[in-house]
Amino acid sequence: MRNAIPEAIDAIKGLISGTEYADLPIIINDWNITFFPTDYTRDTCFMAPYILENYISCDEQVYAMSFSSLSDIHEDFFNADIIFSGGPGLLTFNGIPKASYLALQMALNSCRNVCLKGRNFTVSKTDTGYEILIYNMSFYTDDYIANSSSVISFSKRYNVFESVPDLSVHIELPLNSKKCSITRTLLDRNHGSAYDVWESMGSPSDPTPEITDYLKHISIPAMSYEIKNVSGILALDEIMEPHSVIKIEIREM
């Protein structure tokens with residue numbers, strides 16, 4: 001199930017191989033973690049690395065990928081006017097950005113001109129340096145895959161993910177300049193995930209307008225900035241908690 005999208009693309013390529021359609025571009029215009037109208041995990045920070053893994057895995061195989069829905073307001077389903085109801089969108093019905101929405105923002109342009117790719121990261125060359133995306137995904141347990149409705153609840157959602165350790169990543173990049181700036185943008189359960197803030201409030205199903213506005217404004221990843229002296233090679237060491245994504249922008253000075 002974790003590899004469902006890449007495996008589906010491989011199957012499509014196999015079907016059209018040797019036909020007149022083999023060289024046509026493939027566009028995935030309606031994909032999601034599930035086709036069900038409700039899945040409580042879609043509101044959690046899990047969706048951030050899940051989306052990035054699929055885009056990174058498929059970027060060389062398809063011409064374009066489009067997530068199935070911008071908002072939980074969807075013409076195919078009866079909309080639940082309950083905040084974080086597990087709807088299909090990147091935004092809640094009242095416009096609060098989910099971690100999935102922020103992950104797509106972070107990935108904008110970062111899968112172009114890829115010069116290095118690993119299991120949990122991708123490095124792209126830019127006009128001024130590099131852009132790096134790193135993620136640490138904890139996927140569903142077998143119990144959730146087999147019995148999804150019985151092991152998750154409205155107010156308790158992270159118990160359906162595997163226990164994975166922090167991810168340690170070491171990357172070395174060649175630089176022409178002796179100085180560079182490094183901007184880190186971090187999205188995890190403590191930085192930018194409106195769902196996790198809402199959960200810490202006791203998961204109110206009908207929040208006040210003030211709470212809704214607060215959750216909209218709190219949906220911002222953490223950012224740090226530093227200037228670093230280098231000598232030919234820039235070495236980066238990052239430690240990533242489960243359900244986290246980081247974007248690192250390196251600009252030579």
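Helices (H or I, at least four residues) and strands (E, at least two) are DSSP runs, numbered from the N terminus.

Before moving on, a word about the model. It is predicted, so local features need pLDDT of at least 70 and side-chain atom pairs count only at pLDDT 80 or more, while totals for chains, interfaces and linings use all residues. Residues are numbered from 1 along each chain as its sequence is written, and side-chain values use heavy atoms, with hydrogens and water left out.

**Stop one: the sheet**

Then show the open sheet of six strands, ordered β3-β4-β5-β10-β7-β8 with antiparallel pairing. β3 (114-117) and β8 stand at the edges with a single partner strand each, so one side of each has no neighbour in the sheet. On average, neighbouring strands of this sheet are turned by 15° against each other, direction ignored. Two strands pair if DSSP finds at least two bridges between them.

**Stop two: β5 and its partners**

Select β4 (residues 121-125) and β5 (residues 129-136), antiparallel strands joined by five bridges. They form a hairpin with three residues between them. Click on phenylalanine 121 to find isoleucine 134 of β5 opposite, then on threonine 122, whose bridge partner in β5 is leucine 133.

On to β10: β5 pairs with β10 in the antiparallel sense over eight bridges. Here glycine 129 stands opposite arginine 251, and glutamate 131 has glutamate 249 as its bridge partner. β5 is mostly covered, with eight of its eight residues buried. Buried means under 20% relative accessible area, exposed means over 50%, and partly exposed is in between (1.4 Å probe, protein chains only). In β10, seven of the nine residues are buried, so this strand is largely enclosed by the rest of the structure.

Glutamate 226 forms a salt bridge with arginine 184, their closest N and O atoms 2.8 Å apart. Glutamate 226 lies in β8 and arginine 184 in β7, so the pair ties together parts that are 42 residues apart in sequence. Glutamate 226 is partly exposed at 31% relative accessibility, whereas arginine 184 is buried at 16%.

Next, pick glutamate 238, which also forms a salt bridge with arginine 184, with closest N and O atoms 2.9 Å apart. Glutamate 238 lies in strand β9 (residues 233-240) and arginine 184 in β7, so this pair ties together parts that are 54 residues apart in sequence. Glutamate 238 and arginine 184 are both buried.

**Last stop: tyrosine 225**

Finally, select tyrosine 225 in strand β8 (residues 222-229). At 54% relative accessibility, tyrosine 225 counts as exposed.

Key:
Axes fitted to C-alpha atoms, helices over the stretch in contact; angles between N-to-C directions. Salt bridge = Lys/Arg side-chain N within 4 Å of Asp/Glu carboxyl O.
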